[in-house]
Amino acid sequence: MFFLPCNPNNVFTGAEEKNALELEAEICALNHYDILTSLLTCCCFPIRYRTMAVTTRLTWNEEKRLQKLLGNVSLRLLYKSSVHQSDIFYMLERCIHQGPTVTIIYFSEVLWVVFMLEHYPEKSDELTRPNPSLKFSFRKDRESEITGILETEMKIVSKQLEFYFFGKKEFSVDLGKAILSTYTSKDNDSGQNFCHNTKFLECEVFRVEGIKDDTNYMSKITRAMKYRNPLVAELRAYKPCVHIISEIRILLLGPTGSGKSSFINSVKSIFRGQRTRHAPVGADITSITEQYRIYPIKYGKYGTCLQFSLCDSMGIHEKEGVGLCMEDIPYILKGCVPDRYQLNPNRPITPNHPTFISSPSLKDRIHCVAYVLDINSIQDLSSKMVAKLKQIQKEVLKCGTACVLLLTNMDNCSTLPQDNFLNMAKAMTSQSQIMDVSKMLSVPIYNTFMVENYTSEWELDPLKDTQILFVLRQMLRIVDDFLEDMPLEEIVPEAWRLLKNFLSILYLLSCQDRAVILGFSTCTNSTNRLRSMAVTTCLTKMQEKKLQSCFGGKRFTLLYKASVHDFSGYNVYKRCNNQGPTVMVIYSGHDIFGAYIKDSYQEYGDRVPIVLFAFQKNEISECKIGAYSPSTFLCLYKEDNCSEFLLNLDGKKVTMKLDTIEKLQLKVQVSNERHQKHQKDQIISVKECEVFRCEDLLDKRNMEEITQLHKSLLFDIKSYRPYRDLVRQIRILLLGPTGAGKSSFFNSVKSVFRGYVTHQALVGSDAAGVSDKYRVYSIKDAGYNNSLPFILCDSMGLGEEDKGPCMDDIVYILKGHISDRYQFNSMKPITPGHSNYIENPLLKDRIHCAVFVFNINSVEHLSYEMMAKIKKIRRELIKCGIIHVVLLTHVDSLDLITKGDFIDIYRCTLVKCKLEMVHRELGFALSDILVVSNYTSEWELEPVKDLLILSALRQMLWAADDFLEDLPPEKTEKRK
């Protein structure tokens with residue numbers, strides 16, 4: 001048995017005794033060397049002096065699920081019952097004035113979560129001000145099941161948190177006893193409430209950052225959780241009211257870039273359960289969509305098709321000869337235009353066209369037209385565009401087709417009224433510009449809807465899902481009204497045609513089969529206080545990032561802000577003790593400086609090492625001043641004139657030595673107020689003070705979760721099978737300028753699956769490029785020596801003018817005509833007689849996904865000629881129907897980016913700016929831009945780099961699935 005000196009007298013409090021027993025159990029599991037090391041460490045350093053990281057009990061996946069559920073927010077841990085005191089008032093001291101919070105109660109299999117939109121109530125608020133809250137729970141072993149959604153109110157009664165639902169007590173939490181009590185309704189005989197007590201394992205409180213500035217947020221998220229799944233079930237079970245129509249077709253029409261294709265992708269993503277890219281999306285002057293497409297909606301990857309389809313077309317342009325030809329629209333409405341018809345702005349389809357449907361059935365017709373307009377550009381519609389829209393509406397009304405108005409990008413419109421999205425008609429009546437468009441197109445206001453498409457998101461959002469599903473349901477209801485009102489003379493011919501087909505088939509069957517067929521055939525209210533509740537730092541994103549990088553890539557959690565939590569040294573100590581390493585930031589005029597406290601402190605007299613710092617123009621200056629206690633540097637008792645750093649928050653001043661100020665390069669004016677005995681001290685006024693907890697981004701918990709996610713991604717990719725097994729291996733083509741990192745990406749992918757760093761593809765820094773051949777690389781699984789279900793195809797780097805591969809060569813590669821090891825010739829493309837030319841390529845020889853690879857540091861410096869060439873290649877990809885994405889490499893070389901940032905790289909401000917620039921300049925959708933860090937100079941694999949590589953590869957495989965699923969039936973013959 002081993003005992004560790006927790007305190008000099010070996011007198012344990014309840015919490016210390018519990019920690020000691022847990023530590024004793026851990027020691028029993030160690031070997032002799034580890035025990036000796038632990039004993040030496042404990043003898044030299046008391047337990048309370050060791051730096052203890054305060055981390056959540058949530059796993060990686062649980063935290064991500066919770067963040068996604070609340071609208072892709074960030075969570076910052078404020079209180080943990082096993083680390084801080086298990087007392088309600090002690091918890092309140094750390095959690096009041098922190099804005100929206102999430103309280104989590106842990107059980108062995110279930111998590112109880114309470115989201116509170118407003119501040120935790122103070123002690124004086126007891127029984128006076130209820131706090132609107134949202135309670136739900138989810139099981140640890142189930143990915144998405146969420147139960148028990150209630151809009152509750154919280155009160156503090158007798159050192160307990162009590163939660164009420166419509167005035168009735170639902171449950172209460174006793175932190176001191178670690179008991180959660182649930183209450184059932186009163187018994188009619190005894191008139192008493194039934195109470196059931198359950199021991200819980202842990203209680204944690206988080207501040208929620210990133211809540212949208214929306215006064216009805218509580219109502220919206222509650223309705224989203226309640227209505228999403230029922231809406232999905234209703235749409236899956238939908239059947240047209242006219243039974244002779246097997247499928248409803250909704251045509252999307254609107255100006256270029258209004259969001260037609262994005263709406264289709266959003267709908268398909270919701271029913272697929274992951275982001276999809278079937279419809280080509282981008283930002284260009286002319287329309288990205290060049291074909292008339294009919295997109296069926298499937299539930300799941302291999303699920304059955306739902307009974308409605310979305311039809312996409314070329315964008316409408318105000319100029320003649322550009323965009324959708326007006327003469328094509330009547331034929332589309334009548335069902336005469338087939339799927340995948342190549343639209344020509346200058347030449348409409350004619351009855352003589354070989355694919356023209358001369359006798360379309362009722363199911364081939366368009367049953368609803370959705371005019372898609374960007375809500376932010378309604379007022380900018382030109383007179384020519386308005387005239388075209390009116391002309392289209394005349395044709396729609398002439399055909400008797402239902403129509404709706406779909407307004408997209410509602411999140412970017414600052415004047416949009418924030419009303420319940422399930423009752424949008426009332427909100428839009430106050431929008432004069434929306435009313436004008438509604439009148440212009442003769443679309444009733446009750447047929448006008450607003451949506452927020454998925455454009456840059458990687459994960460699905462329940463709020464967006466519910467909004468899109470609601471709009472889709474309303475469209476189908478409008479279609480049903482249209483079908484019910486359809487003239488009988490239009491329905492009878494269709495019914496008679498179906499009946500004749502049925503009778504002709506019946507005539508060919510035997511009597512028994514006829515009998516079988518015939519027998520079968522006959523059988524809460526939120527407040528405006530939200531805007532003022534958020535507790536945010538005064539640091540800019542760039543300043544915060546510089547400070548995090550300066551101290552080893554930390555994540556900051558704001559614990560204290562003087563303007564919110566009062567200028568008091570005692571409040572700093574009360575909120576920040578026992579929190580691990582902390583950073584104190586002080587604002588004084590134009591100067592921003594502070595102190596990095598390396599270790600956690602618990603008592604007033606605990607001495608902790610301090611490093612002072614100050615923001616300069618392009619860097620952060622540092623100055624080590626030794627170890628001091630909180631009572632000294634926070635001036636809790638009296639000022640110690642011998643200290644180099646004294647923060648007197650009660651007096652709103654900082655006292656520092658002049659030589660320390662010079663080391664920090666602070667530009668402060670010399671004050672007339674001097675200490676009489678120490679003339680070298682300088683007093684600086686304090687306008688604001690903030691204290692952050694510093695958390696290692698790659699701590700033990702995160703590394704364990706990264707390891708699990710790494711294994712999960714490897715398993716998913718190894719066990720991946722292409723859609724419907726149409727091919728054995730997916731072919732992914734890498735395109736990009738010379739030196740962008742195409743070959744390095746292949747080497748990185750192979751390294752991940754091999755288990756060590758490899759360099760099969762040639763990599764170098766030649767200005768003309770190292771890869772001059774078309775290479776097809778198949779990668780084997782190191783464990784089983786089996787080929788993985790994908791092939792990476794490397795090509796010659798794109799160059800300006802006549803450098804790089806010919807455009808004809810790229811088209812031949814896309815169609816599968818070029819074999820492995822073909823030698824590129826910039827001046828002469830391949831011809832059918834070449835030895836590397838494949839005359840009749842199979843589906844397995846084609847490219848199934850294309851990837852544009854760019855160096856993230858130089859992508860913004862691409863020449864006009866290079867951007868024009870990339871856009872030209874993209875046009876060919878769209879013409880071939882190939883899904884394409886962007887891969888930005890060398891993200892680790894960006895300033896201030898650390899390996900810890902790789903965990904959530906797409907939230908980094910610097911990376912976001914790069915993604916938006918690529919979207920703006922090259923027109924790629926934000927959700928199609930991936931970020932990786934290749935293995936270029938490393939000798940060993942790093943799990944965080946592997947995550948980026950594997951995640952990007954999985955997105956490419958999903959994109960290839962979208963391509964295969966979208967192939968016409970005549971091209972999906974299995975030929976392996």
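Reader: Quick overview first. How many helices and strands in the protein chain?
Author: The protein chain has 25 helices and 33 strands. Keep in mind that the model is predicted.

Reader: What share of the residues is buried?
Author: Buried residues account for 55% of the 976 in the protein chain.

Reader: On to the inside. Which residues of the largest nonpolar core touch the most other members?
Author: Ile732, Phe753, Tyr774, Phe790 and Met956 do. That core holds 99 residues.

Reader: Which element gives the most to this core?
Author: Helix H25, with 13 residues.

Reader: Take isoleucine 732. What is it in contact with, neighbours within four places in sequence aside?
Author: Its contacts are Ile791, Leu792, Cys793, Cys849, Val851, Leu953, Met956 and Leu957.

Reader: What about a second core?
Author: There is a separate one of 59 residues. Tyr90, Leu175, Tyr573 and Phe633 are among its members.

Reader: Back to H25. At what angle does H25 cross H20?
Author: Roughly 35°. The axes of H20, residues 700-718, and H25, residues 943-965, come within 10 Å.

Reader: Left-handed or right-handed crossing?
Author: H20 passes H25 in a left-handed crossing.

Reader: Which residues make the contact?
Author: From H20 they include Met703, Ile706, Leu709 and His710. From H25 they include Pro943, Val944, Leu950 and Arg954. Leu953 and Leu957 of H25 also take part, and both of those touch isoleucine 732 too.

Reader: How do the contact residues divide by type?
Author: Into 12 nonpolar, two polar and three charged.

Reader: Staying in H20: glutamate 705, buried or exposed?
Author: Buried. Glutamate 705 sits in helix H20. Its relative accessible area is 8%, so it falls under the 20% cut-off for buried.

Reader: What does glutamate 705 touch outside its sequence neighbours?
Author: Thr59, Trp60 and Asn61, with neighbours within four places left aside.

Reader: New topic, backbone. What is phi at alanine 178?
Author: Near 55°, a positive value in a residue other than glycine. Alanine 178 lies in the loop between strand E7 (168-174) and strand E8 (179-183).

Reader: Why point that out?
Author: Because most residues other than glycine have a negative phi.

Reader: And asparagine 578, what is phi there?
Author: Near 60°, again positive in a residue other than glycine. Asparagine 578 is in the loop between helix H17 (569-576) and strand E19 (582-588).

Reader: Is asparagine 578 buried or exposed?
Author: Buried, because its relative accessibility is 18%, with the cut-off at under 20%.

Reader: Now valine 918. Where is it found?
Author: In helix H24, residues 909-922. Valine 918 counts as buried, at 1% relative accessibility.

Reader: What is valine 918 in contact with?
Author: Neighbours within four places aside, Val859, Val886, Leu888, Gly923, Phe924 and Ile929. The C-alpha atoms of valine 918 and isoleucine 929 are 8.3 Å apart, and the two are 11 residues apart along the chain.

Reader: Last one, serine 358. Buried or exposed?
Author: Exposed, because its relative accessibility is 60% and the cut-off is over 50%. Serine 358 lies in the loop between strand E14 (341-342) and strand E15 (368-374).

Reader: How far is serine 358 from valine 337 in space?
Author: 9.2 Å, C-alpha to C-alpha. In sequence they are 21 residues apart.

Notes
Residues are numbered from 1 along each chain as its sequence is written. This is a predicted model: local features need pLDDT of at least 70, side-chain atom pairs count only at pLDDT 80 or more; totals for chains, interfaces and linings use all residues. Side-chain values use heavy atoms; hydrogens and water are left out. Axes are lines fitted to C-alpha atoms, for helices over the stretch in contact, and angles run from 0 to 180 degrees between N-to-C directions. Helices (H or I, at least four residues) and strands (E, at least two) are DSSP runs, numbered from the N terminus. A crossing is left-handed if the near helix is turned anticlockwise from the far one by less than a right angle, and right-handed if clockwise. Contact means heavy atoms within 4.5 Å. Ala, Val, Leu, Ile, Met, Phe, Trp, Tyr, Cys and Pro count as nonpolar, Asp, Glu, Lys and Arg as charged, and the others, Gly among them, as polar. Buried means under 20% relative accessible area, exposed over 50%, partly exposed in between (1.4 Å probe, protein chains only). A nonpolar core is a set of buried Ala, Val, Leu, Ile, Met, Phe, Trp, Tyr and Cys residues joined through side-chain atoms within 4.5 Å.
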